[in-house]
Amino acid sequence: MAVYTDVLCPFCGCICDDIVVEVGEDGKITKVKGACAIGRSKIMGHDRMESPAIREDGELRDCSYDEAIKRAAEILADARRPLLYGWSSTVCETDRAGVELAVEIGAIIDNTASVCHGPSILAIQDVGLPSCTLGQIRNRADIVIYWGSNPVFAHPNHMKRYSYLSKGRFTPGGKKDRKMVVVDVRETKSAKLADLFVKVRPGGDFLVFSALRAILRGHEDVVPDEVAGVEKKDLLSLAEMIKNANFIITFFGMGVTHSGARHNNIANAIEFTRAAHLHTKATIMPMRGHYNVNGFNQVCTWLLGYPFSIDLSQGYPWYNPGETGAVDVLVHGECDAALIISSDPASHFPADAVRHLARIPVIQIDPYPNPTTEFADVVIPSAICGVEAEGSVYRMDSVPLRVRKIVDSKFMADEEIIRRILEEVRAIKEKEGE
Amino acid sequence: MAELLIKNGVVFDPINGVKGEKMDICIRDGKIVESLHDEHGARVIDASGCVVMPGGVDAHAHIAGGKVNAGRLLRPEDGRRGLEPKRGVCKPCTGYSVPNTWATGYRYAKMGYTFVMEPAMPPLTARHTHEELVDTPIIDKAALPLIDNNWMTLQYVRDENYEMLSAYVAWMIRATRGYGIKIVNPGGTEAWGFAKNCGLDDPVPHWDVTPADIIRALAHANERYEMPHSIHVHGNMLGHPGNYETTLRTFDVVKGISASMQRQTMHTTHIQFFCYGGTSWKDFESKADEIAKYVNENEHITIDLGSIILGDTTTMTADGPMEYTLYRLTGRKWTNHDVELETGAGIVPFLYSSRNPVHSVQWTIGLELALLIKNPWKVVLSTDHPNAGPFIGYPILISMLMSKKRRDEVMKEVHPAVFDRSSLASIDRELDFHEIAIITRASAAKILGLHNHGKGHLGVGADADVAIYGISHEESDAGAVQRAFLNAKYTIKCGEIVVKDGEIVATPEGRTFYVEPECEESLMNEVMKDIERLFKEYYTVSLSNYPVQDVYTPHPYVIKAPMSG
């Protein structure tokens, strides 16, 4: 038996890096310690796609990696407006290869951020992001706000490792030295742990941010007695708590990015942070979901200048979310082939987008089958990054880490699959050029 | 390997004392050689009528890492200012002040530059910096880790435990694959963790040390090893009116410390931002003359300019409180990213307007410094890219420094405050090609200690990094100078032609240079105990996942730095 310590978890944007993994004589993982339930299940592994396959007469037929990769390359080389989508649950090395592929074939490349924290990125491009790494919160934060985010379910170790329950230099007492505030539309499990729960009417976050901004900037007179279901006196006491704090952090989630005003919500949340910064140290951070959703945004930004939703059909990167996002080009019926890697648009995209996706040739690369597999024309199983393949990943606070390979696998790594498709595409184009 | 002969060019190679002589340069296997084996088989470049220099060396440009990428992400509008489609061997380019990594490599190569120092690498995110450096084509590069606001540094300085400090510094430089010690607003960036700042002689909140203590201790730690470079310092109070007095006192902090190598003991960076007189923006004035006087009279200091390029740019620095001040001043978008136990970062877009009196005076200061400091070996051309302007503005600065006429023309265009609050109008000096070759490659290489590693000169055995500019060495027209330095006729990188007639023709991967200070094992074991405790109690990553792995430096050039004797 082999024991691996300080293993990194490839599940959520927390990327816990103190996991202990035991591997038996047969090379199979037998035990995972220190991970949350979801992370443990991810590392232990479950139902895999067993073989590369190509759809013929409506049925998937098993084939070799070579055959599947060749067919994938033919589909992409033949496409006029291909979409390359997913990229968040794989490593940066894959993402770099994906960008090269997109440049080669003039594709639209986009990651899951466009249906997740995409609005947060648009807001950052409007007003910026006063933020920090998670260790600043561990060591300094005396007020922790979770807004529209439910870490108990979505990021189970977040509070323990990085925020409310952790202990640091200026917060040696852990939760005794901090106050936790949860703002949400319902009393979540996280809200039950909070020192203060603020219940907002659905869609009312924008108004509450505005009210807090007004109070923190000395204009409490313009705030009405009740704002989106929250009483003014409660807002005043929250503002007072903030003014008297040494360091506040607001973690926000899908509850804010995907309700009502969308990116305007986040811009307002950041403006609220700027207003709080007039009184104390104030920071804000998106609770990124997939462990490397941030990594794709980083890679794409340093290689192509923009974080997601990039159209390369003109030879240069064109960025215009709303026009160049994966959902946009699907709903508009624009794209004529798609490569989907480590994600499941069939479950998460609007019906119109999924309908179009089902009509066009789809290549899927993933360790696991999912509803997108139901209509994929080429499926290529891959190794699980962080368990069977190594590479760079970026935590939710943009700290870069390297996930490890713990066990051998019969499956090809994502990066190699993409690089081999790229080689095949180049070979096809060269032949056509002759 | 094929040989290359550069014939008939007028060569400026200051390190070897070559001052504009017509001579041939022989190249084999990526190096400069005495003579060719087979002159008839060699590829020949006819450089008649051209100026030939070693490849340019940039001692200070923010080109890679978390802060730079946050700047790109923050500013899609800047991305659109530099769009170029993929073409030939080139990948697509974006950005003006925050170009993508591909554009960064191509644009430097087109200017004849072959080495760039990324000067601010947060240790915790060093992997990110290296990932971007790997994706920056053609040029060689290195990065300076920030080691001045680290809790371990502060603790050892407070305890006056300088032995342990030197071991910690060695560990840090090795763990991050860094090149030396970078200091940015020492103490002030730590204080910014709670939204405070501090001056050179103020105690750092919670730490009972002063920024001056930190600088002095780190200078001593640096000189315990035969480090190629000195401490690289961005001091306290950057950008504040009246800060020149702090700057002069900062210079004095390391006076008397002896260097372990033949070089300065402190490189003070983007000094333009530290030369301000007055008590507010209303009576703001240039004190470049005071700073130049000190540098002229003292041998332990070198500087780079941080000269302004008028127009829009993106400011970014580990000096978090400074960026906050800039955000409050402009009301523009503001990103801040403090890094646990170590450092911080701030980013704010900024317009240097020729109609603004302060900006106009700032614009004169970089030029004043280059012209008032008598010895060009103490000066490196820089814009603190992108803080005072993007690096592609270097040819503009070169043309200004070479032409009094050009300066006078521009001074008529900017705010008239420049005539009262700066001495630029009264300076007649014009730099020649030899002096330009010093401040754009030779002095930078010497100050960084790279001349011992094949950079910044064309002596036998040096890397065959050569820039050939299509301009006569007698040319004095500023426009012609600017055009020539923006698009080299040829750039040769390690013997390979990468630029021909101003176009990229090859995109080899560059190398990453890093230094390995060699600390005694017993001392290192001792310091590891403290480091282990630090990680357990305060960091959010495990110690074993912290050091940068081999895979992030696929083309390494390692410089060993033994203990100095």
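Colleague: Strands here are DSSP runs of at least two E residues and helices are runs of at least four H or I, numbered from the N terminus. With that in mind, where is Ala42(B) found?

Modeller: This is a predicted model, and in it Ala42(B) is found in the loop of chain B between strand S3 (31-33) and strand S4 (43-46).

Colleague: Is Ala42(B) buried or exposed?

Modeller: Ala42(B) counts as buried because its relative accessibility is 9%, and the cut-off for buried is under 20%.

Colleague: Which residues does Ala42(B) touch, leaving out those up to four places away in sequence?

Modeller: Glu3(B), Leu4(B) and Leu36(B).

Colleague: Let's zoom out. How many helices and strands are there in chain B?

Modeller: Chain B has 18 helices and 24 strands. Its radius of gyration is 22 Å, close to the 24 Å that the globule rule gives for 565 residues, so chain B is as compact as a globular protein of that length.

Colleague: What box do its C-alpha atoms fill?

Modeller: Roughly 65 × 55 × 45 Å, along the principal axes. Of the 565 residues in chain B, 68% count as buried.

Colleague: What about contacts and surface?

Modeller: Take the contacts in chain B between residues at least 6 apart in sequence: 77% of them join residues at least 24 apart. The accessible surface of the chain is about 17,600 Å², and 48% of that belongs to carbon and sulfur atoms.

Colleague: How far apart are the mean positions of the positive and negative charges of chain B?

Modeller: They are 5 Å apart, for 56 positive and 72 negative charges.

Colleague: Back to strands, then. How many residues of strand S15 of chain B are buried?

Modeller: Seven of the seven, residues 311-317, so S15(B) is largely enclosed by the rest of the structure. Seven bridges join S15(B) to strand S17 (residues 346-352) of chain B, and the two run antiparallel.

Colleague: Which residue stands opposite Thr317(B)?

Modeller: That's Gly346(B), in S17(B).

Colleague: Now a helix. Where is Val358(B) found?

Modeller: Val358(B) is in helix H12 (residues 357-372) of chain B. Its relative accessible area is 10%, so Val358(B) is buried.

Colleague: What is Val358(B) in contact with, beyond its neighbours within four places in sequence?

Modeller: Trp281(B) and Phe284(B). As for Glu285(B), its C-alpha is 7.9 Å from that of Val358(B), although the two are 73 residues apart in sequence.

Colleague: Let's switch to chain A. What is the strand order in the open sheet of nine strands?

Modeller: S5-S4-S20-S19-S18-S6-S7-S16-S17, with mixed pairing. The edge strands are S5 (59-62) and S17 (318-319) of chain A, each pairing on one side only.

Colleague: How do S4 and S20 of chain A pair?

Modeller: Strand S4 (residues 53-56) and strand S20 (residues 378-381) of chain A pair in the antiparallel sense over two bridges. Within S20(A), Val379(A) is the bridge partner of Ala53(A).

Colleague: Last one: which residues does Thr280(A) touch, not counting those up to four places away in sequence?

Modeller: Ile242(A), Ala245(A), Asn246(A), Phe247(A), Ile248(A) and, from chain B, Ala195(B). Thr280(A) is in the loop between helix H12 (263-276) and strand S15 (281-286) of chain A, and is buried, with a relative accessible area of 5%.

Notes
Residues numbered from 1 in each chain as written. Chains lettered and ligands numbered in written order. Predicted model: local features only at pLDDT ≥ 70, side-chain atom pairs only at ≥ 80, totals over all residues. Heavy atoms only, no water. Rg over C-alpha atoms; globule rule 2.2 N^0.38 Å. Buried < 20%, exposed > 50% of the residue type's maximum accessible area, 1.4 Å probe, protein only. Contact = heavy atoms within 4.5 Å. Areas by Shrake-Rupley, 256 points an atom, 1.4 Å probe, with all protein chains shown as cover. Lys, Arg positive; Asp, Glu negative; His and termini not counted. Charge placed at Lys NZ, Arg CZ, Asp CG, Glu CD. Pairing = 2+ DSSP bridges.
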